[in-house]
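The points are grouped by topic.

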Amino acid sequence: MANITEAEIRKIVENILNGGAKASTANYTSTEYGGRKLIGIYSDMNEAIDAAEKGYRAVRSMTVEQREKIITEIRKLTIAEAPVMAEIGVAETGMGKVEHKKLKHILVAEKTPGTEDIVSEAKTGDNGLTLTEMAPFGVVGAITPSTNPSETVICNSIGMIAAGNGVVFNPHPNAICTSNYAVDLVNRASAAAGGPEVLVCSMDKPTMDSAAIMQSHPKIRLLVCTGGPGVVRAVLSSGKKAIGAGAGNPPVIVDDTADIRKAGKDIIDGCTFDNNLPCIAEKEVFAFANIADRLIDEMQKNGAYLITAEQAAALNKIVLVEKTNKAGKTVKIVSRDCVGRDADVLLAKIGVNVGKDIRCIICETDFMHDFVQHELMMPILPIVRVDNIEEAIDLAVKAEHGNRHTAHMHSKNIDHLSAFAKAVETTIFVKNAPSYAGIGFGGEGHTTFTIAGPTGEGITSARSFTRKRRCVMADNFRII
Ligand code: NAD
């Protein structure tokens, strides 16, 4: 996008894939990296908001060209430092895969829209000219997840700055060092491009309390929340304008017209990308019974390990743990020690020892199995056999739990594809490709790591973080 040339991008990406900048994971905290103090990190949310407001004032006084220069610099630094953020991300959270996290950062750098996404509309008629412009909200309060921490901070920053806003982050506590590294990167990019030294801000120890201050602070005009159902509910009940990017549980249907060899590979590629951390990743499969064996076979050729029902039951006891909720009810929740872990590490927990070439654990289950019903966010993929398209759609829609987030299908039958897309009503629907095609990785369209299903902005971009303002010039300013 914008001012980086194709040749420059190719050079930087080659450099990264050949090693590139190496992370020194020995020496990082939420306020320092390699002995250098990170810029824009505060201990008090009120101070962070004040600093973000100064950032906003600075952005407001800039030309769009200056904003774009900062964004171009953010893109360059993100590509150059993708290996560092990928390594810290895995080291700090224990989740995901370094190689895939590098690719996610490059995707964010290359395909997050900048200022070109902000467009004005003009309406002329007998009564003159009316102009509608996309204006900034002011200071945005952004809550970010542990699953794509620095990716979300950078993606949000590019879009929010392009729209002319300031930003304060309350990142996930389990990924605070990685998130704050990204906040610092944005500020370094700003300074390098002639912008303010502190453009975006964050907390050294984000908590629920700091999130609560953010949600009720009068200077925060827009809340953008990327996370699970609890936090999305919290921001939507804040009384402020909020964008909620919540949980998914994407089903995949494979019918008997699909290219089964491709479907098996695509599903395993998508499901195992960053160990299934992306909210769009394949979480459960509904396969026509007459192709299920072939599909499983193709999955096994692509690094899947088929476990028995007994092994699945043993794994279930480890990856889902019982907890008493606020209402005193016992509920099963996903074990944080298993989210985003490698398939061989999960298998070792039930005494199955395999090599690193095993990328995914597959098993046949019934529809009510916990692996189908819970958003596991780890490379475990349950497969449910179905007899026909009606049954497949009925079960897949139920498994998606009304999140209206993402669904996938492998089929060449356009009636089946259309019927599922209509019934499931998801923000993203991917046909005959791995899930990540839905966020612009091997598929057309821009990328985002904030997919706002509940509030309807969809694949967010700069324009999602704007408010429309109208200016009317009555009876004049027409040229015809
Ligand atoms: P999480 O829900 O555990 O936490 C997200 C953030 O919210 C953290 O900063 C956390 O500290 C904070 N938080 C939690 N409850 C809060 C509350 N009541 N008030 C204020 N802040 C609160 O997120 P996670 O586990 O890191 O991310 C995984 C979840 O996020 C999954 O459900 C995934 O599907 C979803 N997700 C969605 C998108 C999307 O674009 N729709 C993207 C990434 C992740």
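In the contact between two helices, α10 contributes Ile260, Arg261, Ala263, Gly264, Ile267 and Ile268, which meet Ile291, Arg294, Leu295, Glu298 and Met299 of α11. Sorted by class, the residues of this contact of α10 with α11 are seven nonpolar, one polar and three charged. The model is a predicted one.

**Helices α10 and α11**

- Helix α10 spans residues 260-272 and helix α11 spans residues 289-301; the two pack at an angle of about 50°, and their axes are 8 Å apart.
- The crossing in which α10 passes α11 is right-handed.

**Helices α4 and α5**

- Helix α4, made of residues 82-93, crosses α5 at roughly 130°, and the axes of the two helices come within 8 Å.
- The pair α4 and α5 is therefore oblique.
- The handedness of the crossing of α4 and α5 is right-handed.
- On the α4 side, the residues that meet α5 are Ala82, Pro83, Met85, Ala86, Glu87, Gly89 and Val90. On the α5 side, they are Val98, Lys101, Lys102, His105 and Ile106.
- By class, seven nonpolar, two polar and three charged residues form the contact of α4 with α5.

**Helices α3 and α5**

- Helix α3 (residues 64-80) packs with helix α5 (residues 98-111) at an angle of about 165°, with the two axes 9 Å apart.
- Because angles over 145 degrees count as roughly antiparallel, α3 and α5 are roughly antiparallel to each other.
- The crossing of α3 and α5 is left-handed.
- From α3, the contact involves Arg75, Thr78 and Ile79, and from α5 it involves His105, Val108, Ala109 and Glu110.
- The contact of α3 with α5 comprises three nonpolar, two polar and two charged residues.
- His105 of α5 takes part in the contact with α3 and also in the contact with α4.

**The open sheet of three strands**

- Three strands form an open sheet in the order β4-β5-β22, and their pairing is antiparallel.
- Strand β5 (residues 128-136) is antiparallel to β4 and is joined to β4 by five bridges.
- Within this pairing, Gly125 has Gly128 in β5 as its bridge partner.

**The open sheet of seven strands**

- Seven strands form a second open sheet with parallel pairing, in the order β13-β16-β17-β12-β11-β18-β19.
- At its edges stand β13 (304-306) and β19 (428-431), each of which pairs on one side only.
- The twist from one strand to the next averages 25° in this sheet.
- Strands β11 (residues 251-254) and β12 (residues 284-288) pair in the parallel sense over four bridges.
- In β12, Phe286 is the residue opposite Ile253.

**Domains**

- According to the domain assignment, domain 1 covers 6-246 + 457-470 and domain 2 covers 251-444.
- The C-alpha centres of the two domains are 30 Å apart.
- Contact between the domains involves 17 residues of domain 1 and 19 residues of domain 2.

Terms used:
Residues numbered from 1 in each chain as written. Predicted model: local features only at pLDDT ≥ 70, side-chain atom pairs only at ≥ 80, totals over all residues. Heavy atoms only, no water. Axes fitted to C-alpha atoms, helices over the stretch in contact; angles between N-to-C directions. Parallel < 35°, antiparallel > 145°, perpendicular 65-115°, else oblique. Left-handed = near helix turned anticlockwise from the far one by under 90°. Contact = heavy atoms within 4.5 Å. Nonpolar A, V, L, I, M, F, W, Y, C, P; charged D, E, K, R; others polar. Pairing = 2+ DSSP bridges. Domains from an automatic or database assignment.
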